[in-house]
Amino acid sequence: MSKQPQLTLYWRQGCPFCSSLRRELALAGVSLSKEVNIRKDPLGAAFVRQAAGGNETVPTLVIDDVTLVNPSISQVVNAIGRAHPDFVPNKPLDPAPKSWLRGIQLGTVAVLIVVSFIIERQINSIASYAVDIANIAIYQLFNWLRRRKVVTYSVKADS
């Protein structure tokens, strides 16, 4: 059994990519050994600039001695899996593509716009407003569904 991986996350406050990676690491059951806020640690900022070709690109993650700049969760899990073959993530990786959901969303919205137009012309505008409100609610529901992280993990073997 190999030792627990040493993970150091270089981040900065307000970075949505850092927050997202933290959340996905927690879902995968990966714990961080150390977190370095590059705004408060000049040596951390210098390390990130050196790793990212002069830019302060965060998140930057160091797994044992491997540095990943702005990695996806699948890159992180694969790097850990190569260094620690006994590592098994808690949950499945790689967010499932949701472009099909966007297609359904836009199709539904288009149909409801046409229905609203027909109702307004043939019945009355109050009924049309009700359809418009339903349309907005459905649009927001689809946005919420698309934002949800549906993750399926798979550790890829080196070729």
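This is a predicted model: local features need pLDDT of at least 70, side-chain atom pairs count only at pLDDT 80 or more; totals for chains, interfaces and linings use all residues.
## Reading the sheet and salt bridges

Residues are numbered from 1 along each chain as its sequence is written, and side-chain values use heavy atoms, with hydrogens and water left out.

User: How many helices and strands does the chain have?

Analyst: Helices (H or I, at least four residues) and strands (E, at least two) are DSSP runs, numbered from the N terminus. Here there are five helices and four strands, and along the sequence they follow the pattern β-α-β-α-β-β-α-α-α.

User: In which order do the strands of the open sheet lie?

Analyst: Strands of a sheet pair through backbone hydrogen bonds, either parallel or antiparallel. Two strands count as paired if DSSP finds at least two bridges between them. In this model the four strands form an open sheet in the order β2-β1-β3-β4, with mixed pairing. The edge strands, β2 (34-37) and β4 (66-69), each pair on one side only.

User: How many bridges join β3 to β4?

Analyst: Four bridges join strand β3 (residues 60-63) to β4, and the two run antiparallel. One example to look for is Leu61, whose bridge partner in β4 is Leu68.

User: How many salt bridges are there?

Analyst: Side chains of opposite charge can pair when their charged atoms come close. The rule asks for a side-chain nitrogen of Lys or Arg within 4 Å of a carboxyl oxygen of Asp or Glu. By this rule the count comes to three salt bridges. In one of them, Arg22 meets Glu35, with the closest N and O atoms 2.6 Å apart. That pair links distant parts of the chain: Arg22 lies in helix α1 (residues 16-28) and Glu35 in strand β2, 13 residues apart.

User: Which residues are linked in a network of salt bridges?

Analyst: Arg39, Arg49 and Glu56 are. Glu56 pairs with Arg39 at 2.9 Å between the closest N and O atoms, and with Arg49 at 2.5 Å, N to O.

User: Is Arg39 buried or exposed?

Analyst: Arg39 is exposed because its relative accessible area is 54%. Glu56, at 26% relative accessibility, counts as partly exposed, and Arg49, at 34%, also counts as partly exposed.

Note on methods
Buried means under 20% relative accessible area, exposed over 50%, partly exposed in between (1.4 Å probe, protein chains only).
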